[in-house]
Every structure is written in structure tokens, then in C-alpha cells.
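Have the sequence and the 3D view at hand as you read.

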Amino acid sequence: MICSTSYLQKVYKGCLVSTTDQPFTINIFSITSNNMAKLFIFLSAFLGILTTLISAQSSPFEMVTLIKIDYATAELAEHYHRLDVTYKTINATAIKAAVLVPKKLAASNKKTDAPVVVHFHGGGLVIGTSLEPAFIADWVTQLPVSTNSILVSPLYRLLPEANAPETLSDISSFWSWLHTSLPSVIASAYPKINTNLNQIVTIGESAGGYLAVQSALLFQEKAKIKAVIAQYPAIWPDLAAWGSLPLPDPTNEAVIKAGKAIDEYLGNLTGTEIRTDAPYPDRWELTEAALLSGRSFEFWGDETAIAQSGLEYALNVSRQWGDKVPGFWVLQGENDGMVAQAGTEEFLARLKGVHPGVEVKYTLRPGLHGFDALYGLDKHFIAEGVSWVKRFWLKGKN
């Protein structure tokens, strides 16, 4: 791996300590949410993966991430039925969305109006998959079950095979598909469930939070989103916060190695490749290299592509929506080393500058990138935020 364990500890989820001169720690009780069945699942995964990783001399980062993947995958399988549906095809490549229905909702004999939760996965627009288990927060997977909602998580074209406007084009197509096709997809499999497209909340972590916000700013006319939940979303390339970061040392051996890795990867592209799916740890080293070398925005495209993917462009488009712009609940870690607090607060200030009346709830908490990943809905600040979101999300009726 290009980066050291110490570097990764700075940028990984809030389960890690915020400074690298302290011992590696993890709070298993935040994972289990005081549930003995979950504790058994976690400990079983921990013991199995720990044995494998110790023999392979893996880092604490890798160990915790694989445990998180195993745990989240088990939780989704336990509580949901899943369908994978094509929402768009490009050059014979199907781009799919995962459609998940809570098992308790599917088992009901009553006719039910089901709200919709749309989740966009994180991963810097470079890695990840639908409901990426390495990144998705526990409380996010619990939210649809607790509200008898349909959960939808689309894939999209990943960088650098695509540029950022092409990724956003997929998000636009997804929203068109959702409103025209999701109800029939659900009705054909679950005749007693009626998809309530007047009750849509969209949520995403990191790059997924960026896509959730962009959906509301760029595509609100077709998306008809009632509320946005954006977890540490400030990756817009035109934020002033990026300019305040120190430039990588071009003489540093790790930076040189990272640059060579990027040059080699980009040099092998023909321009015809399409990638929509890269589950962690696939391409993690490419993501590390982009972060370490400061070259992440090269993946977004040329100057025009970067401008069309920026916050200024999105806010200008959003002026036409007026009071149709939804409410935003934004979460941010104070010690986030990947998406700076200053960037998130700049986004909120610029949003308010264009839409002074927009409803915003800002939750700033101690922690690193992904600080909320291991919390459940019972965590006090999560419960408070979800309650706030429901005021907008669940008031729409069919």
C-alpha cells in the first residue's frame, strides 16, 4: 500500500483515534448498539478475520474495514430482500440500482404506502459499490427498516474512466428511472406495497453526500426530493478550502510513488472503458495515490468538466427551483482529514447565500471522516437529526 498505517488512521472512520501517537482503539459497543445478537455477529467476524489478517501481517485499518464489511453485509442480508435493476445502458454496459425492501414490510398482509430512501455510496467517485459496506453507516441501513421504506442505491460511472459530468449524467438518468419505473418494479414483486414518490429522502456519505446534494441542486424538478442527508459531502472542486491545503512535497518518496501509480493507470486507459462497480478494496491504492499526490481533481476531467461539477454551477442551476429546494441535514466531523470542516461550512454559507430561506440542520461532532459509521439510530444526535428530517420527508402523501 502506498500510504502508511499512520496516514490511514488519520483519514479512516471515527472508530479510530484522531492522532497517530495514541494506541489503536475501537468501541465494539457502538457497533453492537447494545444488541447481543449483533455482538455475536461482530465477535464471530472479528475472530475469523483477525486470525487471517494477523497471519498476513495486515494493518489495523484493513482489519477494522474488513470487519465493518462483514458486519454490514450480514445486517443487510438479515433485514432486506434485494433486487438489482438496470436503470441505464451505455455502449451495452448496464448501470444498475440495488432496490431493497425490508423483510418485515414485504411480509405484511396490509396494503402499504412505502416512502423511499435513495442512497449514494461514497468512495471519492473512484471506488465503491451500491450500499458499499465499507463506508455505509449502520444508522443509514437501519433507517428504511424503522420507517417501512424502500431503499434504493444506484451505481454510477466511476472516475477516472468517466469524467465528473458523465457521473452526474448517470445520476440524472437514475432520477428519471426512479419516477417512471420504480413503482412498477416494486408492484410486480410486492403487490401490496405502493411506492410513495412524494416521500423521498436522499442520503450519502462523502462523495455520496456530494451526489445527494447535487441531486437536489441540479435535478430537483425530476427528483422531487423532500430532504437531503449529506454526510461530510464537501468535495466540490471550487471550494476555497482546497486552496488552503499544503501542496504535497514533490521530493517525498511516497508522493513520487503515488504520482507514478496515477500516471501508469491513466496511461493504460483507452477512453472506451466504463467502470460502475469497484467494491472496497478494489482500486483503494489508486484512491490513496490521488489523495497523497493531491491529484484527485485530475480524475474529474478538463476545466470545463470541473466547472460543470462545481458548487457554483449547481447553485446557479438551483435558482430556478425557488422554494422547491428541500431541507438539508449535514453531518461533519471536527477532525476530518479528508473533507475539511471549513469546506462543509463554506458549502452551507454559499447555499444560504443563494437560498436564504432553505431549512438546514448542521451536526458538527468530534471525529474523523466517517465518524458516524458505527452508530445506530439510537445515538442521540442521529435520533435528533432523523426526527428533524422526518418533518419534511414524511409529510408528502400519495
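Which side chain does a polar contact of 2.7 Å join to that of H369? The partner is D336. Before going further, keep in mind that this is a predicted model.

**Around H369**

To find H369, look in the loop between β8 and α16 (380-393). With a relative accessibility of 10%, H369 counts as buried, because buried means under 20%. Its side chain also has a polar contact of 2.9 Å with the side chain of S206.

The side chains of K361 and E384 are joined by a polar contact of 3.0 Å. Setting aside neighbours within four places in sequence, K361 is also in contact with F328, W329 and V330, as well as with G385 and W388.

| Side chain | Side chain | Polar contact |
|---|---|---|
| H369 | D336 | 2.7 Å |
| H369 | S206 | 2.9 Å |
| K361 | E384 | 3.0 Å |

Now for strand β7, residues 327-333. Of its 7 residues, 7 are buried, so the rest of the structure largely encloses this strand. As a bit of background, side chains in a regular strand alternate between the two faces of the sheet. In β7, both faces are covered: one side has G327, W329, L331 and G333, the other has F328, V330 and Q332, and all of these are buried.

Which strands does β7 pair with? One is strand β6 (residues 227-231), which pairs with β7 in the parallel sense over 5 bridges. Along that pairing, A230 stands opposite V330 of β7. The other is strand β8 (residues 360-365), again in the parallel sense, this time over 6 bridges. There, Q332 stands opposite L364 of β8. Getting from β7 to β8 involves helix α15 (residues 341-354), and the three elements make a right-handed β-α-β unit.

In soluble globular proteins, nonpolar side chains tend to be buried together. Here, the largest nonpolar core has 110 residues, and those with the most contacts inside it are W139, F174, W175, W177, L178 and F328. Helix α7 (residues 164-189) provides the largest share of this core, with 10 residues.

Take F174 from that list. Not counting residues up to four places away in sequence, F174 touches Y87, A97, V118, F120, V152 and P154.

W139 leads us to helix α6 (residues 138-146). In this helix, 8 of the 9 residues are buried, so the rest of the structure largely encloses α6 too. The buried ones are D138, W139, V140, T141, Q142, L143, P144 and V145. After α6 comes N148, with a positive phi near 50°.

Is K111 buried or exposed? K111 is exposed, as its relative accessible area of 69% is over the 50% cut-off. This lysine is found in the loop between α5 (103-106) and β3 (112-120). Leaving out residues up to four places away in sequence, K111 touches P191 and K192. A polar atom of the K111 side chain lies 3.4 Å from the backbone oxygen of P191. K111 is also 79 residues away from Y190 in sequence, with 10.0 Å between them in space, C-alpha to C-alpha.

W242 falls in between: at 25% relative accessibility it counts as partly exposed. Its place is in helix α10 (residues 240-243). Again without residues up to four places away, W242 touches A234, I235, W236, P237, F297 and M338. Although W242 and A340 are 98 residues apart along the chain, their C-alpha atoms are separated by 8.5 Å.

**How confident is the prediction?**

The chain has a mean pLDDT of 87, and 83% of its residues reach 70 or more. Over residues 1-34, though, the pLDDT is below 50, and this stretch has 85 contacts in the model beyond near neighbours in sequence.

Notes:
Residues are numbered from 1 along each chain as its sequence is written. This is a predicted model: local features need pLDDT of at least 70, side-chain atom pairs count only at pLDDT 80 or more; totals for chains, interfaces and linings use all residues. Side-chain values use heavy atoms; hydrogens and water are left out. Buried means under 20% relative accessible area, exposed over 50%, partly exposed in between (1.4 Å probe, protein chains only). Helices (H or I, at least four residues) and strands (E, at least two) are DSSP runs, numbered from the N terminus. Two strands pair if DSSP finds at least two bridges between them. A crossover is right-handed if, with the strands pointing away from the viewer, the path from the first strand over the helix to the second runs clockwise. A polar contact is a pair of N or O atoms within 3.5 Å; within protein, one must be able to donate a hydrogen and the other to accept it, and residues adjacent in sequence count only if both atoms are side-chain atoms. Contact means heavy atoms within 4.5 Å. A nonpolar core is a set of buried Ala, Val, Leu, Ile, Met, Phe, Trp, Tyr and Cys residues joined through side-chain atoms within 4.5 Å. pLDDT is the predictor's confidence in each residue, from 0 to 100.
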